[in-house]
Amino acid sequence: MARIGSFFVLLSLACFFTLCICEDESNYGGDRGNLFPGFYRSSCPRAEEIVRSVVAQAIARETRMAASLMRLHFHDCFVQGCDGSLLLDSSGSIVTEKNSNPNSNSARGFDVVDQIKSALENECPNVVSCADALTLAARDSSVLTGGPGWMVPLGRRDSTSASLSGSNNNIPAPNNTFNTILTRFTSQGLDLTDLVALSGSHTIGFSRCTSFRQRLYNQSGNGSPDSTLEQSYAANLRQRCPRSGGDQILSELDINSAGRFDNSYFQNLIENMGLLSSDQVLFSSNEQSMELVKKYADDQEEFFEQFAESMIKMGNISPLTGSNGEIRKNCRKINS
Ligand code: HEM
Ligand SMILES: *[C@@H]1O[C@H](CO)[C@@H](O)[C@H](O)[C@H]1NC(C)=O
Ligand SMILES: *[C@@H]1O[C@H](CO)[C@@H](O)[C@H](O)[C@H]1NC(C)=O
């Protein structure tokens, strides 16, 4: 009797897990390769907990780290897909992406990614990819600063190559036109709505003077500041960022709450108080984009819902899966 009883317990457990996995595979996103949230359920059940705990400690030490990690995920995904290519240091034939124009003296948080990865390696060696670790860290960074959460499809593998030119050419620059920025998003399979929602991540974090100085002094080469920049805000920024020098001085991307993930970024744009030109053009250059800015400024829930959806979509850009790529042991270098 006991034998038969435990047989049925085992059978129903097996059914339960099969159903759960099926659910995971059918519920999330139409177009997400072979990624699904339960990917590490049996191989590393505590993976998400471990990532969250290291990210939480890092953010407790320095709030800005949430922003820095979220940006690393974006800069990873726009170059060869979300494959951890950004995390590689130069070595052998690999030329690191860390020295590209968008990343140099700017991308940060690599030490925290290393801490996450070594905690994962301690728990389940050779199982969780650096690309997945960074994707989870970006989601946790949203949640831990007051933003939305979402189930992260997992199963990405790590690249054995990097692309410096991809980093320079694919990631939009802060002085790009609206159309150039939109084209760089559509090249990745993201649309105008994704562009506006994902730009909302500039509700946290900082920018260096060098990324917006042009707007303060000489936006179009005629010696005048950007006319879409609110005047007293501009004067304030000129105090912090001299015409030359002070390239690395930081300003809040969201003047209201740079440590809090909320919708005030969009409210700033309506007041002509976006910090980067690439922020302000979302309101000043395109009707459809302007409508979305107004919608998210008015309704934080709408923004949060779309942000979560667009982050999943960005996280699903061209992943390496199956036997492609590898599970890097150290995020900074390929295995052999
Ligand atoms: C739409 C085109 C985008 C442009 C032109 C852009 C450009 C920039 C620039 C110039 C900075 C300041 C860097 C510095 O001066 O050191 C920055 C910071 C940041 N970006 Fe973007 N970005 C864009 C989209 C995104 C997206 C899609 C995300 C994430 C989903 C993102 C997340 C961030 C975060 C969180 C920071 C602050 C980082 C920190 O404080 O360490 N950005 N971005
Ligand atoms: C954008 O900024 C870069 C780097 O500062 C500069 O070389 C380029 O001329 C600027 N482009 C425009 C259109 O102003
Ligand atoms: C503004 O930029 C243009 C072209 O980049 C340059 O020729 C001009 O000297 C600059 N003017 C000032 C006032 O810096």
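A disulfide is defined here as a pair of cysteine sulfur atoms within 2.5 Å. The model is predicted, and local features need pLDDT of at least 70, while side-chain atom pairs count only at pLDDT 80 or more. Residues are numbered from 1 along each chain as its sequence is written, and side-chain values use heavy atoms, without hydrogens and water.

A search of the whole structure finds four disulfides. With bonded cysteines counted along the chain, their pattern is 1-4, 2-3, 5-8, 6-7.

One disulfide joins Cys44 to Cys124, with an S to S distance of 1.8 Å. Cys44 lies in the loop between α1 (2-27) and α2 (47-61), and Cys124 in the loop between α4 (110-123) and α5 (130-144), so the pair ties together parts that are 80 residues apart in sequence. Helices are DSSP runs of H or I with at least four residues, strands runs of E with at least two, numbered from the N terminus. Cys44 is buried at 2% relative accessible area. Cys124 is buried at 7%. Buried means under 20% relative accessible area (1.4 Å probe, protein chains only).

Another disulfide links Cys130 and Cys331, S to S 2.2 Å. The link is left-handed, with -95 degrees about the S-S bond. Cys130 lies in helix α5 and Cys331 in the segment after α14, so parts 201 residues apart in sequence are tied together. Both Cys130 and Cys331 are buried.

Cys209 and Cys241 also form a disulfide, with sulfur atoms 2.0 Å apart. Its angle about the S-S bond is -75 degrees, and the link is left-handed. Cys209 is buried, as is Cys241.

Key: Chains are lettered from A and ligands numbered from 1 in the order in which they are written. Buried means under 20% relative accessible area, exposed over 50%, partly exposed in between (1.4 Å probe, protein chains only).
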